[in-house]
Amino acid sequence: DTVGCLYVENLDRPGGDAADGDGIGVFSDGLFSHNLECMTDDAVKFLDDAAANGEPFFLYFNPTVPHGANGVDYALAEYTCRDTPGGVLPEDPCIPGMTGERDMFSGGECVQTMTCQEYRDTIYNRANNVEDDLGPIWLDDAVGALLQALEDNGILDNTIFLFQEDHGQESKGTLYEGGLRIPQFIHYPDMILAGSTFDGPVSTIDVGVTILDYAGIAPSYDVDGRSWKAALTSTALALNWEANRCVFFEQEQDRAGRCGCHKSLSLISANRRDSTTWGRGGQQGLANDVESLFDLCGGGQSYVTIPDDNQETTNLYSSEPNTAQEFSELLQCHADRIVPSTSLDFADCSVTPQKIPAVITDEPNWSSITSTSATIVFTTSRSAQVRIIYATNRRLRRRNRERSGFTRTRSKNGFKGEISLTNLKPGTRYYYRLIVRNGASDKTRSSFKTEPALVK
């Protein structure tokens, strides 16, 4: 069999780099290159067949653009969508959303609306002479065609659609955050709320086990990854994951580990030949000592994402010796458990758990509102004391305060609590803010209105 739509320009020829000259690798005869129409056509047909048969499916779609070597412009200009590893196709593929559209009145067959060359011309027109935009536009069209196929078959909302990059860009090829962190987007309307986010550190090894979790399948074997499904709907679990989940990274002979806000980086040597991380770190002004410790939260509780405030410029290895020692032991624990010659050990390597600040986990509800009193009910992630500030103006001037006792009644999402307010004015709107004592954050301002006074 032929590997469909193989990306050959990333393969080296003997004695040279595929990026030199014509960019043709040793496994290529030079008759094909990037071909997203070919890839997308096969993927759409696969989705159509799976939907028609009513079968569960798994599709791994690995686009080859945008990527380097001779680049997207060379592929679009010098090759056609008929040029594939298996030979030249007899006709242009018809792909709904790219070169055609689906006729839903005749069994959903694709009707060709343009030739491949005409379609590729639209890519150049939309790029508007910006060569770097050619790949993203081509890729966006391909992803859109997959989503369109799922929607046309009525299975979009019940399909987990995960999109992510293969590596970071700013510090590519290193163990710094700019090389490790990637964007990851998930579309699954039946189970995941649109616009929701998850701030805990996750790894690509978590993808498989999470998908199995959503499918209701428990692996019959030990796995390295962890499912984040439950953490998406539980503030308490999400906070614990964000503070205490440990993830590990390797590049060449260098290693790194992150738990919560802290990250340890251990390099094989301070030599560019041995460590790409050391070399590029120095070029970018990042701390590149052989042993480094970083606080990615900058002394706070949340990961710092401001581009000009990179936390990996400051090495805390000497100033926080106890934490540095604990993380050195963490990396050694991980290294010991991944030696192929030893018996497999899937237990977690971890550090001392961090205390999780309490937060309000559910939207507070008002109950028992009368003309002069009201009671607010809320849930905290752990037992905590909550205070309410309230007033008759939005800016909470001349405000009043009441404080609850500690929330101790455990519920599904945490600990239940309530605060009762008295001596309120009838028929009046009050604005309020809830504040968790020693908590991570508070709720934004909201309001309630008392009942009008009874007239006898």
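Asn244 counts as buried, because its relative accessibility is 19% and the cut-off for buried is under 20%. This residue sits in helix H7, which covers residues 235–244. Setting aside neighbours within four places in sequence, Asn244 touches Gly260, Thr352, Pro353, Gln354 and Ile356. All of this comes from a predicted model, so a word on confidence comes next.

The chain has an average pLDDT of 85, and 87% of its residues score at least 70. Among the elements, strand E10 (residues 291–295) has the highest mean pLDDT, at 97, while strand E15 (residues 409–411) has the lowest, at 58. Residues 12–23 have a pLDDT below 50, although this stretch still has 20 contacts in the model beyond near neighbours in sequence. Where pLDDT is low, the predicted coordinates should not be read in detail.

**The chain as a whole**

You're looking at 456 residues, of which 38% count as buried. The secondary structure comes to nine helices and 18 strands. Take the contacts between residues at least 6 apart in sequence: 58% of them join residues at least 24 apart.

**Two helices that cross**

Two packed helices are described by the angle between their axes and the distance between the axes. Helix H2 (residues 71–78) and helix H4 (residues 134–152) pack at about 70°, and their axes are 8 Å apart. That angle makes H2 roughly perpendicular to H4. On the H2 side, the contact is made by Val72, Asp73 and Leu76; on the H4 side, by Leu134, Gly135 and Trp138. Sorted by type, the residues of this contact are four nonpolar, one polar and one charged.

Helix H6 spans residues 205–214, and its buried residues are Asp206, Val207, Val209, Thr210 and Tyr214. What do the buried residues of H6 pack against? Their partners are strand E5 (161–164), strand E6 (184–187) and H7, the helix that also holds Asn244. After H6 comes Gly216, with a positive phi near 75°.

Strands of a sheet pair through backbone hydrogen bonds, either parallel or antiparallel. Here four strands form an open sheet in the order E7-E8-E9-E10, with antiparallel pairing. Strand E7 (246–251) and E10 are the edge strands, each pairing on one side only. From one strand to the next, the twist averages 15°. Helix H9 (residues 321–337) lies across E7, E8, strand E9 (262–266) and E10, and runs at about 115° to E8.

Within this sheet, E7 and strand E8 (residues 254–259) are joined by six bridges, and Phe248 stands opposite Gly257 in E8. The loop between E7 and E8 holds Glu252. Glu252 has a positive phi of about 55° although it isn't a glycine. At 44% relative accessibility, Glu252 counts as partly exposed.

**Strand E12 and its two partners**

Strand E12 (residues 374–380) is largely enclosed by the rest of the structure, because six of its seven residues are buried. E12 has antiparallel bridges to strand E11 (residues 365–367) and to strand E16 (residues 414–421).

| Strand pair | Bridges | Direction |
|---|---|---|
| E7 and E8 | six bridges | antiparallel |
| E11 and E12 | three bridges | antiparallel |
| E12 and E16 | seven bridges | antiparallel |

E11 and E12 form a hairpin with six residues between them. The phi of Ser368 is near 55°, a positive value in a residue other than glycine.

Notes: Residues numbered from 1 in each chain as written. Predicted model: local features only at pLDDT ≥ 70, side-chain atom pairs only at ≥ 80, totals over all residues. Heavy atoms only, no water. Helix = DSSP H or I, 4+ residues; strand = E, 2+ residues; numbered from the N terminus. Buried < 20%, exposed > 50% of the residue type's maximum accessible area, 1.4 Å probe, protein only. Contact = heavy atoms within 4.5 Å. Axes fitted to C-alpha atoms, helices over the stretch in contact; angles between N-to-C directions. Parallel < 35°, antiparallel > 145°, perpendicular 65-115°, else oblique. Nonpolar A, V, L, I, M, F, W, Y, C, P; charged D, E, K, R; others polar. pLDDT = per-residue confidence, 0-100. Pairing = 2+ DSSP bridges.
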